[in-house]
Every structure is written in C-alpha cells, then in structure tokens.
Amino acid sequence: MTPKALHDLFRAHVRDEEYPYLWSETEVYLYMDEAQKMFCRRAGGIRDSLSDLCTVEFDAGDLFIDYDKRILKLRHAKLDGRPIEIVNSEDIEYMRPAQPGRVCMLVLGDDAYTAFLRDIPTEDGELQLHVERLPLEPITGPDSQLEIDDLHHYALLDWMVALAYNKQDAETYDKSKAEERAAKFLSYCDQAKTEQGRREHKYRTISYGGI
C-alpha cells in the first residue's frame, strides 16, 4: 500500500473526506509516520545490513563508537568479515581493564547509542552492523515510502485513528475510540512480534536411542 492509498483509507474511515478537513494533510501523514515508527518499536525494527548507518568507522585509540539513533537493536557485528561479540555491560561480572589490541567485542553500556570497544584498536577500522532500525526517512506526503512489510500496512490505520481521536479539539477528541484503536494496534504488534519469533526459532533434531 502506498502512503497515498493509506491516507485515502484513513479519511474514508474517519469520514473526513470533505474540505475543510477535521485533520489536516500534515496531521494525517504525521500520524502515518508515527504509526510506522511505533510498529517498529513494538514489533521489531526493520532488518538492515546495507544502509549507510550499518557502517561505523573508528580510529586507532578510540574507546567507543556512537551509532545512529534510528538503530533499535544491534543484532550482529563484523570487522573485516570477522564476527564481533556484542554484550551488555551488566552481563559481565568482571572485565579486565581495556588495553591496546584487536577489537573482538562491543560492550553496550549505560549511554544510549554508544558501544565500548574491547580492546582498544591499534589501527583504524570499520564495523559492519546487522541491525533492527526505525525507518530511514519520515513519512511526510504521498511521495514518501512505507518501509515495513506491506503485510502490516493496513494495521497502521488503527494507530493513525487512535492519534486522530486524541487530538485535543471538541470535534475530534474521543477518548474511548482512541483507547480502543490503540489497544487493537498494540495487540497486532505483539502478535506480529510473536510470529517473527516463531520464524526465527531453530528447531532441534532429537535422536532417540534404542530400548
């Protein structure tokens, strides 16, 4: 579905097809943009390893790297084709002081969008990240693009309607409808996340011995 098609569906759904509109064009596309972002946050971001934000350079002597704020999750990392372990600082009971050496680990600390390099690189390098992320560009009009799978485009309508009915205006505000549509959307996101988890699950083959 294109943003224009979703825009038209929204206007038909809330019966706001005649000018002057209750919700402006700017508002409709803002709601669409927020719906796509919320889907990514709730159900899992857009898988990516090819965009510019998936390449992070560092210099010799750097203690940490900063990564793009659109990245929701670092799934994998490589340096010159070699896998780099990604760990959370709280999962490491003891870590020796950093020292010059080969980078073999990214430690996610308390600072958002920052990862510490272990060990301290002795030469410049470039990390290749596999991530889950938010959309690269906002939805601002009919010429924009929806990045999530088209399977989920129709579901965005529920969050758009929820935002629309939360507009603080006597003609648009409807708390009950807003809460109902928000709950429906969030439930859909949870279901989509569960289904994604099933697709990723690797079933083990169990061998039974003779009796």
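Q: Which residue forms a salt bridge with D48, and how far apart are the closest N and O atoms?
A: A salt bridge is a side-chain nitrogen of Lys or Arg within 4 Å of a carboxyl oxygen of Asp or Glu. Here D48 pairs with R133, the closest N and O atoms being 2.7 Å apart. D48 lies in strand β1 and R133 in strand β10 (residues 125-133), so the pair ties together parts that are 85 residues apart in sequence; strands (E, at least two residues) and helices (H or I, at least four) are DSSP runs, numbered from the N terminus. This is a predicted model, in which local features need pLDDT of at least 70 and side-chain atom pairs count only at pLDDT 80 or more, while totals for chains, interfaces and linings use all residues. Residues are numbered from 1 along each chain as its sequence is written, and side-chain values use heavy atoms, with hydrogens and water left out.

Q: Are D48 and R133 buried or exposed?
A: Buried means under 20% relative accessible area, exposed over 50%, and partly exposed in between (1.4 Å probe, protein chains only). Both D48 and R133 are buried.

Q: How many salt bridges does the structure hold, and which residues are linked in a network?
A: The structure holds 14 salt bridges. R11, D16 and E25 are linked in a network. Within it, D16 and R11 have their closest N and O atoms 2.7 Å apart; D16 is buried at 3% relative accessibility, and R11 is buried with a relative accessible area of 3%. Another salt bridge joins D190 to R42, with 3.0 Å between the closest N and O atoms. This pair links distant parts of the chain, D190 in helix α4 and R42 in helix α2, 148 residues apart.

Q: What is the volume of the largest pocket, and which residues are closest to its centre?
A: Rolling a probe the size of a water molecule over the atoms shows where empty space is left. On a 1 Å grid over the protein atoms alone, a pocket is an open set of points where a 1.4 Å probe fits, with protein on both sides within 12 Å along at least five of seven lines; lining residues have an atom within 4 Å of a point. The largest pocket has a volume of about 520 Å³. Of its 24 lining residues, A43, G44, G45, R47 and Q196 are the closest to the centre.

Q: Which element supplies the largest share of that lining?
A: Helix α4 does, with six residues.

Terms used: Points joined across faces, edges and corners; volume = space filled by probe spheres on them.
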